[in-house]
Amino acid sequence: MATTKLHLKPWDGIVVALLLLAAAVFFALWQKDGASLGTPPAVEIYVDGQLMRTVPIPSHKEEVRIETAYGVNLLHIGPEGVAMAEADCASRDCVHTAPLTRADGAIACLPHRLLVRLSGNLSTKDAPEEVDVVAG
Amino acid sequence: MKYRIGALLICGILLAGLLPGCTSGQSEPVFRTKTDVFGTVIQITLHAYEAEDVLDAVFERMDKLHALLTVNAVDSDVGRINQNPGRWTEVDPVTVSLVETALRYARLSDGAFDCTIAPVTTLWGFPSGMPSLPEPAAIREALAQVDYTRLETRDRAVRTASPGMAIDLGGIAKGYACDEAAALLRQQGVTSAILDFGGNVYALGNKPDGSLWKVGLQTPVAGAGGIIGHITCADKAIVTSGGYERWFEENGVTYHHILDPATGYPADSGLLSATIVTDSATNADALSTACFVLGVEEGLALIAGLDGVEAIFVTTAREVIVTDGLQTAFTLTDETFTRGKP
């Protein structure tokens, strides 16, 4: 059976080093923000603690109606952010919550046992400083 | 030659594929949420920990604590205490301990934090989620029942002094639940996690890479979004009280949910928010409410008398006042606010 011997030369080492470097850069970017290289950010909608629906961020603003046994909420989602536009709950705290642009925040509608969050950060013009979580 | 290039490319692809496996502890974070306890949304994110079932035990514990401590159920410990005024009610030791903690902070804050404010909060409709402005006479009547000195505990029992009195541990129960969750996670070997109980944050351990957590502080203005700055920390509770999240509007006037036990109306102490940073979320929960009611001067005096407790106050004049222990850990990033002197 014929065999092929592989004789490595100095240039081969350089090519391997470059490949390693490229792999390391790719991995670092992937670790920093998976959304930038992989799946784009999406809206995650939880009801009763269960992930009910995942909606990709559209290129233009769209309405998403969430109808559950607890009530109805209307989300506005788009590249600029995710906002609770309407809710038939009594307190309407969710409608008062500022729009989401980052994965470190969430919009909650407690009477409807609803949580809305982002799987990654949106590339908005006024990107706020990156933090691990927001207290308040 | 083409064999060599092919071999090198395969090597490169394999190495790229192996890199993620070389970084132990860099697994995807585990996220779980719960929206049916303590009138808030719980979000727990475990980092560098793959056994998701640890969260089953945590959420089971949250259900049990909620069943004991909620004011909205007649069969909870708090519900039974409130239906049995003037008489001792046998309750779980957790409830006794939490009432005692609430009483300790009531005494420390001279009543600015007072868990006997329940008749007034109920009148305003905040616990039911259907708030409205009560008549002044009704507020005066309810306020007459607010007096923490007439609330007593003994071994496994709690007693309010008279009919009409009632307690609400909502100002401290969420913090206690957060501490319990953090303790359970630690027992199971979790060393890196973020616990978010409706904005009350506990940063457990360090980040998976060993660095400090960076916790943003929400801008304390209704609907504003964004953060005013951030704190770097590890193993700390960061709890804020402010009137910017739960409020309603009536006749063009905004009313928020943190009521002053001295007046029966929403606290108006010149603060947009009071944030407490300390080891215990329970203590931080009670202290943030007390400081929000007290205002800057009295709040700072209260904090100064406590070990290991730091605070950040944001005033209605958009000044941010930070206690000494947080001077380096806190960074103000919103230039529309200025840093004031403590």
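Visitor: Which residues have the most contacts inside the largest nonpolar core?
Guide: That core has 72 residues, and those with the most contacts inside it are B:Ile44, B:Leu46, B:Met62, B:Leu169, B:Leu185, B:Leu195 and B:Phe313. A nonpolar core here is a set of buried Ala, Val, Leu, Ile, Met, Phe, Trp, Tyr and Cys residues joined through side-chain atoms within 4.5 Å. Buried means under 20% relative accessible area, exposed over 50%, and partly exposed in between, with a 1.4 Å probe and protein chains only. H8(B) gives the most to this core, with nine residues.

Visitor: What should I know about the model and numbering?
Guide: This is a predicted model: local features need pLDDT of at least 70, side-chain atom pairs count only at pLDDT 80 or more, and totals for chains, interfaces and linings use all residues. Residues are numbered from 1 along each chain as its sequence is written, chains are lettered from A and ligands numbered from 1 in the order in which they are written, and side-chain values use heavy atoms, leaving out hydrogens and water.

Visitor: What does B:Leu169 touch?
Guide: Leaving aside residues up to four places away in sequence, B:Leu169 touches B:Leu69, B:Val78, B:Leu98, B:Val99, B:Ala102 and B:Cys115. Contact means heavy atoms within 4.5 Å.

Visitor: B:Leu98 is in H4(B). Which residues of H4(B) are buried?
Guide: They are B:Val94, B:Thr95, B:Val96, B:Leu98, B:Val99, B:Thr101, B:Ala102, B:Leu103, B:Tyr105 and B:Ala106. They pack against H2, H3, S4, S5, H7 and H8 of chain B. Helices (H or I, at least four residues) and strands (E, at least two) are DSSP runs, numbered from the N terminus.

Visitor: What caps the N-terminal end of H4(B)?
Guide: B:Asp92 does, with a side-chain oxygen 2.8 Å from the backbone nitrogen of B:Val94. Just after the helix, B:Asp110 takes a positive phi of about 55°.

Visitor: And B:Tyr148, buried or exposed?
Guide: B:Tyr148 counts as buried, at 15% relative accessibility. Its place is in the loop between H6 and S4 of chain B. Among the residues that B:Tyr148 touches are B:Leu103, B:Ala106 and B:Asp110.

Visitor: Switching to the sheet. What is the strand order?
Guide: The open sheet of nine strands runs S1-S2-S6-S7-S10-S13-S14-S15-S17 in chain B, with mixed pairing. S1(B) and S17(B) are the edge strands, each pairing on one side only. Two strands pair if DSSP finds at least two bridges between them.

Visitor: How many bridges join S1(B) to S2(B)?
Guide: Six, and the two strands run antiparallel. B:Val30 stands opposite B:Leu46 in S2(B). The two strands form a hairpin with two residues between them, and B:Phe38 in the turn has a positive phi of about 60°.

Visitor: Why is S2(B) described as largely enclosed?
Guide: Because seven of its seven residues are buried. B:Thr40, B:Ile42, B:Ile44 and B:Leu46 point one way, while B:Val41, B:Gln43 and B:Thr45 point the other way. S2(B) also pairs with S6(B) in the antiparallel sense over five bridges, and the bridge partner of B:Thr45 in S6(B) is B:Ile194.

Visitor: How do S15(B) and S17(B) pair?
Guide: In the parallel sense, over three bridges. The bridge partner of B:Ile321 in S17(B) is B:Gly340.

Note on methods:
Polar contact = N/O pair within 3.5 Å; in protein donor to acceptor, adjacent residues only side chain to side chain.
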